[in-house]
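Student: I would like to learn how to read helix packing in a model. Where do we start?

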Amino acid sequence: MSSSSLRKCALALLGVVACATPRDHAVMRVDLEHAQALVTRGDLPAAAKLLERSLAPADDDGAKLQRFHAAVLLVRTHVAAAFGAPFLGSGLPPEGAEWRLDARARTQSASPLAHCVAALRWADYARGWYDEVQGIAPNAGGETLLPEALGGVTTRDTLAYVHLAALACFARLRFEDRVEEILAGIPELTELERCDTLLAATRVEDGARPWIYVGVFEHVVRTDEPLAFKFAVHALETSTGAHELGEREHERLANWITRDSHFVFKCPTCKTLADPVLFSCSVCRRPTLEFEPEPRETSK
Amino acid sequence: MPRTILAVAFALCTSCAAVNAPFRSADPLAATPATQGFPSQKLDGLIFAAARWDAQHDEVFGLDLVRAADVLPIAVTACLRGDGQDRARAWLNPERMAPELFLADGTALAALTADEVTARVPERYGARLKKLALGTGLMTAHADEGWLFFELAPRGAFDVGERTIAHTSGERTSELDLRASLVAFQVTLDGREQSVCVGVGR
C-alpha cells in the first residue's frame, strides 16, 4: 500500500472515529447556539465548519433533534451564501487580470451554484431526519436541547423552511420539475399573502425570496395569469441590490409583463400600463401589485 | 350522537391546527417527496442536457482515468430540442463553455481539456480520448454524447467508487452520492450566455 493510500486510510479512520462519537447534549447545544450566532452575523464559512464538525451519530431523541437542527442550520448557512455572500470556490480558472498574477496571489472566485448544491444536500438530510424528530420537545427530559433562538420555532415550521430553501435553490438551478414537486406539497405558496406569511414565519433569507417568487410564477403562469403577474412583480420588487435575479429571469419576467402575457396590466386609477422597472404607477403612485388585468389586444 | 361529538372534536382540532401552523392542508410537508440528487436529464428552454458517470469508463477509454490521471470523466449530451430548434443559433464555445462539476458538499471540480488529460496518460490512449471528448461548436438537434473531464485535485483527496465519491478535507472524510453532483456549463444561445445545470446519472 502506498504512503498516500495509508495516509488516506488513516484520515478516513480519524474522520469515522470523530463522527462515531456521540456528543453530549449540552456541548451540542452550545455549538448550535454559536453556529446560529455566526450565521446571524454573516460569518458563514465559520458556521459551516463548526456545524459540519459538530454533526455526530444520534443515539437518543435529544441528539436526533439537535442533529436535525444542525442540518437545518447548514441549509441556512448555504442558502445565505448562495443568495448573498458565497464562499465556496468555483472550479473555473481566474479571469482577466487574474491570469497575470502569481498562482498564490490569485483569488478563486466564489460560486453561488456550489452553495445551492450543498444546501440541497443538507436539505435532503433534514427531510430524512424529520420523521424521527417530529414529536420531540426541545426540553425533553427536563434538559434544554436547543438554544433559545431555535427552541421557539416548531419542528414543523423548521421543515417548512427547509422546503422553501430547497425551492429557491431548485429555481436558481432551473430544475422546474423539482420546484413543481415542492409546490404540490405546499399549495398555500400560490396565494400571495399566505406565501409572504410563510416566508416571514420561517425567516427565509431575503436573497432567496425572489427565486421563490420566480418558482411560483412559473408554476401558476400557465393557469392563472393575473395571479402570475403578482408573483412576477413581487419577484422583481424583491430582486434588488445584492439579492438580484439572474439576467435571464429578470428579462423573462419583464418581457412577460410587457409582451408575452395574454393580458395587459393597468393602473385602476389612471390606466397607466405596468412598467416592470417601476413598482408603482408613474402617474398616481399606486402600487403595481394593485394593477388590474385587461385582455391584450392582439395586432391583426 | 357519537358522530356529532367526533365532528365537533375534528372541527376543533382543525381550527387549532390552522391557528398554530402556517399551513392549511393536513400535512403538506410530509407529502412532499424527498429529493435524492438532481435529474440527470433536463430540457432548459431549447437546450437539452444529460450527464452520467460510468464506473466502467475504462472499457471506453482503454484505461481508468481516475487512477491513471486523477480525472473524473463524465459523459454529457447537449443538443437542441423543441419548437424553434431549427432557427436557434446555439454554440458550445470552448472559450466560454466553462464546465464545472459540483460535488454534493459544494466542492467544485475544474474541467480539463482533452489535451490536458492526454498529457497525463500514455500516448497510445490520447487519440481515442480526444475523439471521445464532448464536441464543441454549433449545436444541433442531433444528440451526440461526449465526455467532459474534471480534475480530482488536490491529489489524494478523492476516492471514487461506483456510486459515491469520498472527499477528504482536513481530518474529515465525507462519503458523497455521485447522483447529488451537478454539471454546469454555458451555452451561447442567440449571442448570449446561458447557464445549463444537470445532475449526474449512471
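Tutor: With the angle: axes are lines fitted to C-alpha atoms, and angles between N-to-C directions run from 0 to 180 degrees. This is a predicted model. In it, helix α10 (residues 209–220) of chain A packs against helix α12 (residues 247–260) of chain A at about 50°, the axes being 12 Å apart.

Student: What does that make α10(A) relative to α12(A), oblique or roughly parallel?

Tutor: Angles under 35 degrees count as roughly parallel, and 65 to 115 as roughly perpendicular. α10(A) is therefore oblique to α12(A). Their crossing is left-handed.

Student: Which residues in α10(A) and α12(A) meet?

Tutor: From α10(A), Trp211(A), Val214(A), Phe217(A) and Glu218(A); from α12(A), Glu249(A), Arg252(A), Leu253(A) and Trp256(A). By class, this contact has five nonpolar and three charged residues, with no polar ones.

Student: How do α4(A) and α5(A) run, roughly parallel or roughly antiparallel?

Tutor: Angles over 145 degrees count as roughly antiparallel. Helix α4 (residues 61–82) and helix α5 (residues 112–133), both of chain A, cross at roughly 160°, and their axes come within 8 Å. So α4(A) and α5(A) are roughly antiparallel to each other. The contact of α4(A) with α5(A) has 20 nonpolar residues, two polar and three charged. This crossing, too, is left-handed.

Student: What pLDDT does chain B average?

Tutor: pLDDT is the predictor's confidence in each residue, from 0 to 100. Chain B averages 85, and 82% of the residues score at least 70. Over residues 4–28 of chain B, pLDDT stays under 50. For the complex, the predictor gives an ipTM of 0.85 and a pTM of 0.86.

Note on methods
Residues numbered from 1 in each chain as written. Chains lettered and ligands numbered in written order. Predicted model: local features only at pLDDT ≥ 70, side-chain atom pairs only at ≥ 80, totals over all residues. Heavy atoms only, no water. Helix = DSSP H or I, 4+ residues; strand = E, 2+ residues; numbered from the N terminus. Left-handed = near helix turned anticlockwise from the far one by under 90°. Nonpolar A, V, L, I, M, F, W, Y, C, P; charged D, E, K, R; others polar. Contact = heavy atoms within 4.5 Å.
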